[in-house]
Amino acid sequence: MLDKNYQPQNFEGDVYRAWEDARAFAAGRGDREGARPYTIVIPPPNVTGSLHLGHALNNTLQDVLVRFERMRGRDVLWQPGTDHAGIATQMMVERQLMERGEPDRRAMGREKFIERIWQWKEESGNTIVDQLKRLGASCDWSRLRFTMDEGLSRAVRKVFVELHRAGLIYKDKRLVNWDPELLTAISDLEVEQIETKGHLWHLRYPIEGKTFDAGDPSTFIVVATTRPETMLGDSAVAVHPDDERYTDLVGKNIILPIVGRRIPIIADEYSDPEKGSGAVKITPAHDFNDFEVGRRHGLAIINVLSKDACLALQSNEAFLQDVELTPQLKATILEYNGVFRFAARKMIIERLETEGYLEKIEPHLHTIPHGDRSGAVIEPFLTDQWYVDAATLAKPAIDAVKRGRTTFVPKNWESTYFHWMENIQPWCISRQLWWGHQIPAWYGPDGKIFVAEDEEGAKAAAKEHYGKDEPLERDEDVLDTWFSSGLWSFSTLGWPDETPEVARYYPTDVLVTGFDIIFFWIARMMMMGLHFMEEVPFRTVYIHALVRDEKGQKMSKSKGNVINPLELIDNYGADALRFTLSAMAAQGRDIKLSSSRVEGYRNFATKLWNASRFAEMNDCVPRADFDPGSAKLVVNRWIAGETERTGAAVTEALEAFRFNDAAGAVYHFIWHIYCDWYLELIKPVLMGDDEAAKAETRAMAAFVLDRALQLLHPFMPFVTEELWAKRMPEGEHRESLLMLSEWPTRQGLQNVEADAEIGWLIKLVTEVRSVRAEMNVPAGVKVPFVIADASAETKARFATHDETIKRLARVETIDFGTLPSGSVQIVLEEATVGLPLQGVIDFGAEQERLRREIDKVKSEIAQITAKLANKKFISRAPTHVVEEQRERKTEAEATVGKLEQAIKRLASL
RNA sequence: GGGCGGUUAGCUCAGCGGUAGAGCACUACAUUGACAUUGUAGGGGUCACUGGUUCGAUCCCAGUACCGCCCA
């Protein structure tokens with residue numbers, strides 16, 4: 001017996017265990033031996049993370065696809081795993097150490113600290129996996145991988161070595177985005193540009209050979225800057241070559257205030273004559289654009305900052321070069337050295353102002369780069385880092401999408417992908433962190449680099465190079481997390497070993513992810529997959545929206561608007577959450593989730609539960625020997641057809657990744673067709689005494705419910721599986737699993753006559769109910785029916801559905817003949833149904849109602865008439881459209897006739 | 001500055017050349033033997049604006065306004 005109420009928490013855990021016990025998620029199951037593979041690799045969540053709504057959406061959609069394809073007979077591999085998430089995890093553990101008052105990572109030392117992270121990974125690594133299981137994710141958990149597993153680490157080393165050998169990974173000294181808080185380089189993608197209200201400081205730089213006079217503009221040149229503290233590292237002033245104001249000055253020098261360095265005035269198109277004074281200071285060590293200008297003009301690169309963004313002037317060779325070390329400068333160096341960048345800014349501004357070098361300060365709106373993890377203002381910083389030649393790797397990746405070997409859904413994301421890929425910059429992959437894959441590069445005593453998969457390899461190469469054993473030191477840095485993520489689509493299958501899984505499951509079928517990681521992840525997987533596997537990593541990329549709160553704001557802990565998916569699961573069940581997310585998946589970029597929506601779909605599960613209870617109470621048990629095509633009752637033939645129609649709609653929608661349409665189709669079918677109509681229509685049969693009709697109807701009700709459970713299963717796996725198992729005769733339990741059952745396909749069950757007849761019946765009942773409500777006929781009152789002008793067919797229909805009509809329309813008796821005076825009348829096709837209700841209803845109101853009906857139909861007729869009068873419409877519109885309009889007009893005119901007759905009858909009282 | 005997306009019922013959003021839809025909310029009625037986590041009925045929309053294409057435009061095209069995102 002099913003419980004009286006739907007309570008998901010009572011069975012979701014058991015259902016999941018039953019799946020796992022049956023190894024139903026396993027790829028390469030025996031029953032799928034000859035089957036086509038279907039592969040999805042999970043976007044690996046952070047190993048120490050916990051489930052948020054983004055994960056819930058992402059994994060629900062993957063699970064819907066995977067369950068759908070598994071039921072369609074494919075050999076499904078949904079490859080799960082977690083990501084080590086370098087910076088995020090390291091930060092988290094560091095914060096933990098701080099909170100617990102333990103020594104920080106430096107005090108602890110690298111080895112111990114890493115050990116500590118592994119410990120934390122062991123403790124918390126299963127949290128996210130358990131949470132995905134609660135959501136119902138049917139990943140092959142036996143194949144769970146972690147980006148720092150030995151196998152995957154080997155893949156990382158091999159890729160590094162091979163790309164290095166091919167010249168696609170190299171070490172370079174250039175400006176990087178330096179995070180002075182985390183003390184590491186980060187890639188362009190990890191930098192967030194934030195628009196900020198700041199200032200533009202206009203500085204007077206005195207021209208060499210003239211006596212500086214703040215009141216005489218001919219003695220100085222004005223430069224505008226947003227970062228005055230970097231002026232200590234200026235090595236030129238640039239003006240536009242066509243800027244006539246400065247033509248005479250090009251080639252001359254200025255004397256840098258405070259420092260006294262003599263620097264040239266150069267002509268370079270980088271400076272914009274429209275902006276500020278038209279002259280800009282050039283600081284190659286602290287600005288990406290200036291770096292390029294410096295390169296073009298062979299300027300000195302004078303770094304005046306330390307790694308933690310403090311002024312570093314003492315013993316700074318570049319700074320002191322070509323500068324006269326006056327006692328005053330000595331004092332300045334002492335005063336400024338070690339001062340943090342923002343404090344230094346203030347000091348320098350004050351000093352410039354006192355000495356007359358500050359012309360003016362303007363408010364200025366500009367974007368400032370921030371680290372996405374630390375939030376610190378990023379410092380362009382000159383360092384040695386490892387780079388990937390992304391431009392070269394991008395070419396085949398662009399080509400593959402252009403040729404359609406990989407397609408994006410929705411398609412318009414392809415342009416985003418192209419735009420970025422076509423303008424791609426070298427990818428900085430080294431990070432000054434401890435948690436991650438340590439770069440497989442070793443340095444000889446003279447700094448010579450040996451890249452090899454392991455230390456032995458490096459030693460051997462060094463021995464060959466030096467002719468003897470030399471001590472080697474390994475590069476301390478680790479790789480960007482996304483470097484290993486980029487290999488995910490094949491490293492998880494066992495590459496570089498030639499495993500059967502690599503052969504069978506690569507390339508994968510679909511990648512499901514949010515648009516926020518198109519650059520971070522999709523692009524890199526495309527590049528790496530094509531380079532190492534010579535085949536795209538996935539045929540289709542399905543891009544879904546991001547989940548926001550009900551006000552459309554990004555969910556964040558600091559805003560306190562985070563909806564925890566596990567709470568939703570606790571309150572409404574995993575199925576309700578999954579269905580909600582599927583139904584909302586169509587949305588463009590954001591999904592604004594509210595719990596009322598989830599509640600609504602929980603109610604849907606309740607509805608299904610109760611329908612199953614109804615089936616149970618009426619012995620509607622699945623019968624293996626039942627052929628739905630053999631049904632004799634119209635209502636049964638009709639529902640069989642509706643079921644098939646729905647099946648086709650769901651299938652088609654899922655094939656096209658239209659999750660919302662698929663969910664909508666099955667929702668509408670179960671609630672508004674099966675429950676609202678079919679179950680109501682068959683009640684008289686089930687309660688009647690025609691045993692043959694009862695048997696057929698029970699079997700059909702059970703058959704359709706089974707089909708409904710199948711179609712709903714990808715979206716609501718728990719409740720459907722539970723009902724599937726329990727929908728057997730008392731004491732029995734279905735052995736087969738729904739999730740491994742065969743997805744319904746067409747078997748020719750649709751029937752035009754049955755559709756027409758049940759359509760007529762539904763219309764009749766609906767109109768009667770509507771009129772009753774409008775005429776304020778109390779729901780409890782049973783009314784008689786008198787039907788005029790009924791054709792033989794209509795009479796037969798009334799006979800067939802006699803009991804049903806009486807029950808659903810609350811009818812007392814049904815007679816054919818002349819309508820008694822004072823009837824409420826309903827026009828239904830050729831017949832007019834009269835409800836003789838003298839004394840019960842208000843005739844003025846009835847007259848009014850009929851008139852409104854007539855007006856409505858007449859206005860429709862007018863519209864159609866105008867259309868048909870239009871010769872161009874007749875000649876240019878497709879024939880079937882014209883025909884359809886004609887038919888509608890004829891029907892409408894007939895209806896008006898009937899309605900006018902009805903009014904006459906009413907008036908003839 | 002460049003690019004992308006949005007503007008449809010009170011709210012959140014589907015639809016996208018031929019009679020405007022869903023969920024929630026709202027109103028009225030109803031406890032009839034699956035279901036109040038319910039049923040029945042109902043109200044509510046010049047589909048942002050202006051032009052164009054078309055026999056016909058919420059839908060296609062162009063422009064405008066406002067909102068949002070990405071990139072520089």
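The following conversation concerns a predicted model of one protein chain.

Reader: How many helices and strands does chain A have?

Author: In this predicted model, chain A contains 30 helices and 29 strands.

Reader: What is the radius of gyration of chain A, and what would a compact globule of 909 residues have?

Author: Chain A has a radius of gyration of 38 Å, whereas a compact globule of 909 residues would be near 29 Å. Along the principal axes, the C-alpha atoms of the chain fill a box of roughly 120 × 65 × 55 Å.

Reader: What percentage of the residues is buried?

Author: Buried residues account for 55% of the 909 residues in chain A. As for contacts with a separation of 6 or more, 77% of them involve residues 24 or more positions apart.

Reader: Let us turn to the sheet with β18. In which order do its strands lie?

Author: The order is β19-β18-β20, in an open sheet of three strands with antiparallel pairing. The edge strands, β19 (449–451) and β20 (473–474), each pair on one side only.

Reader: How many bridges join β18 to β19?

Author: Three bridges join them, and β18, which covers residues 441–443, runs antiparallel to β19.

Reader: Which helix lies across β18 and β19?

Author: That is helix α13, residues 455–466, which runs at about 135 degrees to β19.

Reader: A change of topic: which residues does the cis peptide bond with omega near -5 degrees link?

Author: It links V409 to P410. P410 lies in a loop, with β15 (407–409) on one side and α12 (413–422) on the other.

Reader: And where is P496, which is joined to W495 by a cis peptide bond?

Author: P496 is in the loop between α15 (488–491) and α16 (500–505). For the bond between W495 and P496, omega is about 10 degrees.

Reader: What is phi for L183?

Author: Phi of L183 is near 60 degrees, a positive value in a residue other than glycine. L183 belongs to the loop between β5 (169–179) and β6 (184–186). L183 is partly exposed, with a relative accessible area of 27%.

Reader: Where is D322 found, and what is its relative accessible area?

Author: D322 is found in the loop between α8 (317–320) and α9 (327–336). Its relative accessible area is 71%, so D322 is exposed. D322 is not a glycine, yet it has a positive phi of about 60 degrees.

Reader: Finally, the helices α21 and α22. At what angle do their axes cross?

Author: The axes of α21 (residues 634–655) and α22 (residues 659–687) cross at roughly 170 degrees and come within 8 Å. The two helices are therefore roughly antiparallel to each other, as angles over 145 degrees count as such.

Reader: Which residues make the contact?

Author: On α21, they include V635, W638, I639, T646, V650 and L654. On α22, they include F659, A662, F669, I673, W677 and L681.

Reader: What is the contact like by class of residue?

Author: The contact of α21 with α22 has 18 nonpolar residues, along with three polar and two charged ones. Among the residues in this contact are E642 of α21 and D661 of α22; Glu and Asp count as charged.

Definitions and conventions:
Residues numbered from 1 in each chain as written. Chains lettered and ligands numbered in written order. Predicted model: local features only at pLDDT ≥ 70, side-chain atom pairs only at ≥ 80, totals over all residues. Heavy atoms only, no water. Pairing = 2+ DSSP bridges. Helix = DSSP H or I, 4+ residues; strand = E, 2+ residues; numbered from the N terminus. Contact = heavy atoms within 4.5 Å. Axes fitted to C-alpha atoms, helices over the stretch in contact; angles between N-to-C directions. Buried < 20%, exposed > 50% of the residue type's maximum accessible area, 1.4 Å probe, protein only. Parallel < 35°, antiparallel > 145°, perpendicular 65-115°, else oblique. Rg over C-alpha atoms; globule rule 2.2 N^0.38 Å.
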